[in-house]
Amino acid sequence: VTITTRMLVSHLSGIRHYEKDITKVKEEKEKVNRALKLTKSHQDKEQKEKEGKGIEKTDGVKQKKEHDSETKSRNSKPGRNDKEFEQEEYYLKEKFESVIESLKIFKNDPLFFKPGDQFLYSTYGFTLLSAVVERASGQKFTDYMLKMFRDLDMLSTVLDDNEAMIYNRARCYIYNKKGRLVNAPYVDNSYKWAGGGFLSSVGDLLKFGNALLYSYQAGQFKNRNGKLLPGYLKPGTVAMMWTPVPKTEVSWDRDGKYAMAWAVVEKNQQYGCCRQQRHYASHTGGAVGASSVLLILPEELDPEALGPWPVAPPRGVIVTIICNMQSVSLNSTALKIAREFDKEKQAQ
């Protein structure tokens, strides 16, 4: 078979994730699909109730459901039912000297499907991708990335190296089987630098988001302001990265599809005065003892209305959240925050 870098970056390679048993992976996917169908069925039922009972009554039902949901959320312990973190390979303590060496973890394992046929999120796919970057650049992957972070002015973004002294490094926490908050266990992330081996800050992730948004929008301003500097990436490159790839799916955003290392929701409105989908890109992060999200909501620019001297890019809202707690769902929270700031900007 042939595995391309585009397949790796869109999780279509067939390379396994932490689970080695393909039967269990299929079972888990079927459960997720059933849950999504039930959710859609429940939403359709609510819509029919709303049409039959009227607005006032439905609002009361909605408020009760939201209250019940909040109560349930408060009484539950994050991460207690998260099977993802039951995988042993999450807790590797072996130190690998290079990304090439870390390939030995999975290089002899069979592919789960023919590359390009299906979507399966794979951290190891990104480990292989980092090996490609290392060979193509002629540099150690970690050196290559740290230089890139410096170019982006992300000076607080470093390798999550247990031995190094890293100022302001936060403690990470998990809930144990008894539901008590405890320190997260020691792990060595040298086997997955590309898929979850860097430490960063909210400020640095905002810089990263702004650099991407600037690159994405810069092409629309090039004929209007001769002094505008180029973006870190070409506008077409970011547009390609933020274009959904066929046969992909996203577990943390039911409106989205996977693109190239990003989950993307496309602009869509089916009916007048009804639900609108704005175009945005996001990605969550989950590690032992930590959770994160970065969401980019570009402003919808009208080239005809920009005027001769428009305000320079980036134009939009960027939200990032980092939490030193395992298995915290953050994407919907980030989207709500982004929409609130977007409303405020439009009102001004």
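A nonpolar core here means a set of buried Ala, Val, Leu, Ile, Met, Phe, Trp, Tyr and Cys residues joined through side-chain atoms within 4.5 Å. Bear in mind that this is a predicted model.

Q: Which residues touch the most other members of the largest nonpolar core?
A: Those are Y124, L212, W242, W262 and I296, in a core of 40 residues. Elements giving two or more residues to this core include α5 (123–137), α8 (202–218) and β8 (290–298). The largest share, four residues, comes from α5.

Q: Why is this core said to lie between domain 1 and domain 2?
A: Because domain 1 (1–38 + 80–195) and domain 2 (200–347) both give residues to this core, it lies between them.

Q: What is W262 in contact with, leaving aside its neighbours within four places in sequence?
A: Its contacts include F208, L212, M241, W242 and I296.

Q: Why is the pair of F85 and Y90 called tilted?
A: The ring centres are 4.5 Å apart, within the 6.5 Å cut-off, so the rings count as a pair.

Q: What makes F85 and Y90 count as buried or exposed?
A: Buried means under 20% relative accessible area. F85 is at 10%, so it counts as buried, and Y90 is at 5%, so Y90 does too. Both rings belong to a cluster linked by ring pairs, along with Y18, Y91, F106, Y124 and Y191.

Q: How do you know what to call the pair of Y121 and Y258?
A: The planes are 85° apart, with 6.3 Å centre to centre. Over 60 degrees counts as edge-to-face, so that is the label for this pair.

Q: Why does the pair of Y121 and Y258 tie together parts that are apart in sequence?
A: Y121 lies in the loop between α4 (99–102) and α5, and Y258 in strand β5, so the pair joins parts 137 residues apart in sequence. Y121 is partly exposed at 29%, whereas Y258 is buried at 1%.

Q: What makes the phi of N168 worth a look?
A: Most residues other than glycine have a negative phi. N168 has a positive phi of about 65° although it is not a glycine. N168 sits in the loop between β1 and β2. With a relative accessible area of 79%, N168 is over the 50% cut-off, so it is exposed.

Conventions: Residues numbered from 1 in each chain as written. Predicted model: local features only at pLDDT ≥ 70, side-chain atom pairs only at ≥ 80, totals over all residues. Heavy atoms only, no water. Buried < 20%, exposed > 50% of the residue type's maximum accessible area, 1.4 Å probe, protein only. Domains from an automatic or database assignment. Contact = heavy atoms within 4.5 Å. Phe/Tyr/Trp six-rings, centres within 6.5 Å; stacked < 30°, edge-to-face > 60°.
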